[in-house]
Amino acid sequence: MPQLALLYGRAWAALFGQLRRPPRAVCIQMVHSRSQVAEAVLTSQQKPHQEKSNFIIKTPKGTRDLSPQQMVVREKILDMVVSCFKRHGAKGLDTPAFELKEMLTEKYGEDSGLIYDLKDQGGELLSLRYDLTVPFARYLAMNKLKKMKRYHVGKVWRRESPTIVQGRYREFCQCDFDIAGQFDPMIPDAECLKIICEILSGLQLGDFLIKISWKDVRHEMVAKKGLAPEVADQIGDYVQCHGGVSLVEQMFQDPRLSQNKQALEGLGDLKLLFEYLTLFGIAEKISFDLSLARGLDYYTGVIYEAVLLQTPAQAEEEPLNVGSVAAGGRYDGLVGMFDPKGHKVPCVGLSIGVERIFSIVEQRMKTFGEKVRTTETQVFVATPQKNFLQERLKLIAELWDAGIKAELLYKNNPKLLTQLHYCENTGIPLVVIIGEQELKEGVIKLRLVASREEVAIKRENLVAEIQKRLSES
């Protein structure tokens, strides 16, 4: 009987603990018997266990975790990309992960259906950003900026059917470089193509080709209303062609195109572009290709995308269809869509396909069995004897204060062999060893992990000696 009374007491306490001032409807329900209340409380306590048994631990569809090994590779790729952007004078910029929904609508054409909308959480309709270009245009218009060269690295979200094998996800990282402002024709465009070449060459992904087209020229040739069908068919033959400046010259001389002002202007700019690309030494990497069509509506002029070419040196690798690894183009009207007065700011930019490049590098490392260090630790602090934790802590503090990346085992009395094996397994190059003999003689033993060579260094000279050896390696 006391146990039953205790159960009832807990049941009433649980119920009244959540209801300081129960409303009338709740008070009416309280007339139920004590046994019913106790049963309800017990049932509510059992539900979490029932639900947990059916719970599956997984990441959302189209997303993934990145392991420490993967993060090392990813950061190396990003470091190379960002260093190239900075070399060309770009400033860093960041924007919110979500925008007002109205800022993103009607900017992407058919792709607008892939935008992730968020629930109204406070009077504003919001959407996750679809790319980094539209937020940049919004930033320029909002701050009334007429010129800017910027880079931006950040995640974007697209509600599409993901193909993880090909490096396509619903959440992924973009690396963008853009030049905004009114400049002489095709100079910024040529620099964007030069940047793509520098990045893809630096990443050593193999041979590549950048396909470029001119959106307005293509429209005039194959889509504009008013052209006789036979004329459209003849002009459309060019869509199957691709080449360099010679193809542009051939089209330039075609009377069917030279009579069209818009097409003629586009071809004139393309000819100028190839002159600049030749001066940059990258013309052989560029192919004029009118079959190229970028899906986003905001492009207004030159558009381009880079694709990797399979080479004989890569014959032992399995082909990985990842599509384009970089893309971009000119979007002169996008900023004006945000400006109340419609003032335009010409823009051109590029985006590096980090996820796709990452997939290629990952597969290549797997094929050739390459290993990755997951830490950058330079020195390990070890001891061969017991009761030396305090000395190890003092020593590692000296190394940290000197800017040296160092580690120790979180054990009071670790075995020396365990400590040395840890260094070999994780790739730490140097070990400093302190024990009774070293403490007595005022020295520290420095061990080179690769050769297992050991030398005694005076305690006061240890930091300088380590820095010297690290700079030489």
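## Buried or exposed?

A residue is called buried when its relative accessible area is under 20%, exposed when that area is over 50%, and partly exposed in between, using a 1.4 Å probe and protein chains only. His88 shows how this works: at 14% relative accessibility, His88 counts as buried. You'll find His88 in the loop between helix 4 and strand 1 (91–92). Helices (H or I, at least four residues) and strands (E, at least two) are DSSP runs, numbered from the N terminus.

What does His88 touch, leaving out residues up to four places away in sequence? The list is Lys149, Phe177, Glu191, Lys194, Ile195 and Glu198, where contact means heavy atoms within 4.5 Å.

## What kind of model this is

This is a predicted model, where local features need pLDDT of at least 70 and side-chain atom pairs count only at pLDDT 80 or more, while totals for chains, interfaces and linings use all residues. Residues are numbered from 1 along each chain as its sequence is written, and side-chain values use heavy atoms, with hydrogens and water left out.

## Salt bridges

How many salt bridges does the structure hold? There are 21, each one a side-chain nitrogen of Lys or Arg within 4 Å of a carboxyl oxygen of Asp or Glu. Take Arg64 and Glu362, whose closest N and O atoms are 3.7 Å apart.

Now look at Glu99 and Arg138, which meet in a salt bridge of 2.7 Å, N to O. Glu99 is in strand 2 (residues 98–100) and Arg138 in helix 6 (residues 133–142), so this pair joins parts that are 39 residues apart in sequence. Here Glu99 is buried, with a relative accessible area of 6%, and Arg138 is buried at 11%. Since Arg452 lies in the loop between strand 15 (443–448) and strand 16 (454–458) and Glu424 in helix 15 (residues 416–426), the pair ties together parts that are 28 residues apart in sequence. Arg452 is exposed at 52%, whereas Glu424 is partly exposed at 34%.

## Cysteines

A disulfide is a covalent bond between the sulfur atoms of two cysteines. The rule used here asks for a pair of cysteine sulfur atoms within 2.5 Å, and the count comes to 0 disulfides. As for where cysteines sit, Cys197 is buried at 5% relative accessibility, and Cys347 is buried at 0%.

## A closer look at helix 6

Back to the helix that holds Arg138. Helix 6 is mostly covered, with 8 of its 10 residues buried. Which ones are they? Thr133, Val134, Pro135, Phe136, Ala137, Arg138, Leu140 and Ala141 are buried. The cover over them includes strand 2, helix 5 (101–104), strand 4 (148–157), strand 5 (171–180) and strand 11 (347–352). Just after helix 6, Lys144 takes a positive phi of about 55°.

## The nonpolar cores

A nonpolar core is a set of buried Ala, Val, Leu, Ile, Met, Phe, Trp, Tyr and Cys residues joined through side-chain atoms within 4.5 Å. The largest has 56 residues, and those with the most contacts inside it are Phe85, Ile210, Ile212 and Tyr304. Helix 7 (residues 187–202) supplies the largest share of this core, 8 residues. Apart from this core lies another, of 23 residues, among them Leu140, Met148, Tyr298 and Tyr299.

Not counting residues up to four places away in sequence, Ile210 touches Leu193, Ile196, Cys197, Lys285, Ile286, Ser287, Tyr304, Glu305 and Ala306.

## The largest pocket

Pockets are found on a 1 Å grid over the protein atoms alone: a pocket is an open set of points where a 1.4 Å probe fits, with protein on both sides within 12 Å along at least five of seven lines, and lining residues have an atom within 4 Å of a point. Points are joined across faces, edges and corners, and the volume is the space filled by probe spheres set on them. The largest pocket holds about 750 Å³ of space. It is lined by 38 residues, and the closest to its centre are Arg158, Gln174, Arg294, Ala327 and Arg356.

Which elements give two or more residues to this lining? They are strand 5, strand 10 (326–330), strand 11 and helix 13. Strand 5 gives the most, with 5 residues.
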